[in-house]
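Me: I have a structure to go through with you. Please answer in short steps.

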Amino acid sequence: MGSLSTFEERLQYPRARRDESIVEEYHGVTVADPYRWLEDPEAEEVKDFVEKQVNLSDSVLKTCETKEKLHEKITKLIDHPRYDTPFKRGNRYFYFHNTGLQAQSVLYIQDDLDSEAEVLLDPNTLSDDGTVSLNSLAVSEDGKYMAYGLCSSGSDWVTIKVMKIEDKTVEPDTLSWVKFSGITWTHDGLGFFYSRYPAPQEGEKIDAGTETNSNLYHELYYHFLGTDQSEDVLCWRDQENPKHMFGSKVTDDGKYLIMTIEEGCDPVNKVYHCDLSSLPKLGLEGYRGSKSLLPFIKLIDTFEAQYIAIANDETLFTFFTNKDAPKYKLVRVDLKEPSTWTDVIPEHEKDVLSTACVVNGNQLVVSYMSDVKHILQIRDLNSGSLLHTLPVDIGSVGGVFARRKDTTFFFRFTSFLTPGVIYKCDLSNESPLVTVFREIDVPGFDRTAFQVTQVFYPSKDGTKIPMFIVARKEIELDGSHPCLLYAYGGFSASMTPFFSATRIVLSRHLGAVFCFANIRGGGEYGEEWHKAGALANKQNCFDDFIAGAEYLVHAGYTQPRKLCIEGSSNGGILIGACINQRPDLFGCALAHVGVMDMLRFHKFTIGHAWTSEFGCSDKEEEFHWLIKYSPLHNVKRPWEQKTDKFVQYPSTMLLTADHDDRVVPLHTFKLLAVCIRLLLLFCIFFLLPLKPSFLVWQTMQYELGLSLENSPQTNPIIARIEVKAGHGAGRPTQKIIDEAADRYGFMAKMVDAKWLD
């Protein structure tokens, strides 16, 4: 494995205070939490801890010789024009464009596809450092107004503003404390629905984005243009279920408001509907100042499956669902007969139905995922029958923008070796006409120099796991190559092929092989695949990932000391758990914004929504699932394990950001603190429900004794703590480049990757 022998002297790790008085009992098991004080981001002691960790990391990164070269090459390759799929609203087209190194992409508007485009909204003008980003937008049905959400410093909090499109005037309307919300206009153009949390109580100081308190009591509102937020109509709330979250969508005919209700991150929701045309004479206006909520009718009132409204003809609705269909299907129901449901597109035997939308009157654009590659089809809305399969290369289809009233739609294709192609599909004739509308060109990138292979390797229990391997052509499988293995494996999220300029630089200039393992917990094969890596089955994710690493070694792509593993968010848990379970298998680890304290994650911001994925330590059975793999609670001294060779933790970088209010930074801080003095007393973990044992859980820098001169742990364990950034979304281009150069410069040094010109 990579070693600090490359450093002239041993790193001096800052000590972190241990508060031995913090002990909590979980179902008869006592667990110490000596670094709970790190949960308060405003405490001076925490700020001092962060500053010292930043200084330590800076001292390490200064020794990483390839960092500046990587920064230069990544900047050069990213500096190319990028476009997103155009979409039509009113009678005009909108699209996002970045000239290359702009901090944020700019929103453009044009009257038709041949006319000159104009800048409609440039987020780069909203801050000096590019940290204000455009989170969401919705254009009114008549195309006169645009409501848009802005985020600052990467926080999940959103401020909604309104622009008059004709003269680009920003209206006074300002809506605050918005989070996890869409924006959907009523067709009269008078206003829109959105969701928010209650404002802080008077006198309560909150720096939006750095707070850790739970997000509770979501509410659905309607905002009338030109009015103050205090006058908004409260459309729905549920005081008895504070964890519920509400989404809304006005149907294409403008008649119905569909409200979805969620309480976690599982793909399940309730569905209520409100006939906006049948409201009392004054309509929504009549609810101003009223204590009455909108008269929603319950269509689905259980959390048994997911339902997404795709289309409706009066009361006849088509839904995308996983009800009795783990690979998803389309179904139809008449609101007048809510107990009678029929299949429109039945569940496929093997492939997963990914998306569906209506276009050209009564046609559907549907995408399937087949072994982690997309298939795009045109089907009949009424019968569901297949009309056409569109020609798509092996890769990912996204950004499908279609409207029922239009005969054309756009979609985007990308793959590991295709930066991006935007296609236009014309359905005005009997056969679809698919043409290239715009292609992304990356100067200096030669796709013929690389090859992509998909393999299926066996996991610990024999399950076949797909993995993509991207490398330079004709490499020798002699175990000599630096290798980067990435995975996510959670929340039913599918990781399909995508282009990364940064990873192309790693392959070209470090000779790296980069790999993506589609481990269980994701949605690549539907809900059964997801459930096989969630709750009590979470260990399957780690087993799948470890088996992928072993495959790469046995196949000759790499060797343990040259293998770097990487994951973000849920993938950060993956990295934390795997370096605990198999520290001998990796030379370097990069864990981004990971949930590391699995006993307390549900107590902070939106963490309560993840209990549907992980479980909750408040429940005895689930506590025992979590304690077995929680990264914070399973740090150990690898060299004390009975093996025939010396083992230590791989060189590790934990990455977080000060405004990450999704996975709050305290997870990273506590895990870091645990490392500092591993050679101190290590208490053995006994789980004796009838005879509680006192567990002193230690975290990495403590448990590994890194502050001691004679610690066997010589591989560095550091943190990279970004400022004015959040969980990842909205991060300006320069920060993306800086972080990539830092983490991969660190990786290069730790796995001894040589620079190739």
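Me: How do the residues of the lining of the second largest pocket divide into nonpolar, polar and charged?
Reply: This is a predicted model. The lining of its second largest pocket counts 45 residues. Eight of these are charged, 18 are polar and 19 are nonpolar.

Me: Which residues lie nearest the centre of the second largest pocket?
Reply: The space in this pocket comes to about 1800 Å³. Nearest its centre lie Gly 728, Arg 731, Ile 736, Phe 498 and Phe 499.

Me: Which element gives the largest share of the lining of the second largest pocket?
Reply: Several elements supply at least two residues each, including the strands β5 (92-98), β8 (132-139) and β29 (408-415). The largest share is six residues, and it comes from α11.

Me: What span does helix α2 reach from its first C-alpha to its last?
Reply: Helix α2 covers residues 67-78, 12 residues in all. At 1.5 Å a residue, 16 Å is expected. The model comes close to that, at 16 Å.

Me: Within what arc do the buried residues of α2 fall?
Reply: Lys 67, Leu 70, Ile 74, Thr 75, Leu 77 and Ile 78 are the buried residues of α2. Seen down the helix axis, they line one face, because they fall within an arc of 170°.

Me: Which exposed residues does the face of α2 turned away from its buried side carry?
Reply: The buried side of α2 is covered by elements that include α1 (44-61), β3, α3 and α11. The face turned away from it carries exposed Glu 68, Glu 72 and Lys 76.

Definitions and conventions
Residues are numbered from 1 along each chain as its sequence is written. This is a predicted model: local features need pLDDT of at least 70, side-chain atom pairs count only at pLDDT 80 or more; totals for chains, interfaces and linings use all residues. Side-chain values use heavy atoms; hydrogens and water are left out. On a 1 Å grid over the protein atoms alone, a cavity is a set of points where a 1.4 Å probe fits but cannot get out, and a pocket is an open set with protein on both sides within 12 Å along at least five of seven lines; lining residues have an atom within 4 Å of a point. Grid points are joined across faces, edges and corners, and a volume is the space filled by probe spheres set on the points. Helices (H or I, at least four residues) and strands (E, at least two) are DSSP runs, numbered from the N terminus. Ala, Val, Leu, Ile, Met, Phe, Trp, Tyr, Cys and Pro count as nonpolar, Asp, Glu, Lys and Arg as charged, and the others, Gly among them, as polar. The expected span of a helix is 1.5 Å times one less than its number of residues. Buried means under 20% relative accessible area, exposed over 50%, partly exposed in between (1.4 Å probe, protein chains only). The arc is that of the directions from the helix axis to the C-beta atoms. Contact means heavy atoms within 4.5 Å.
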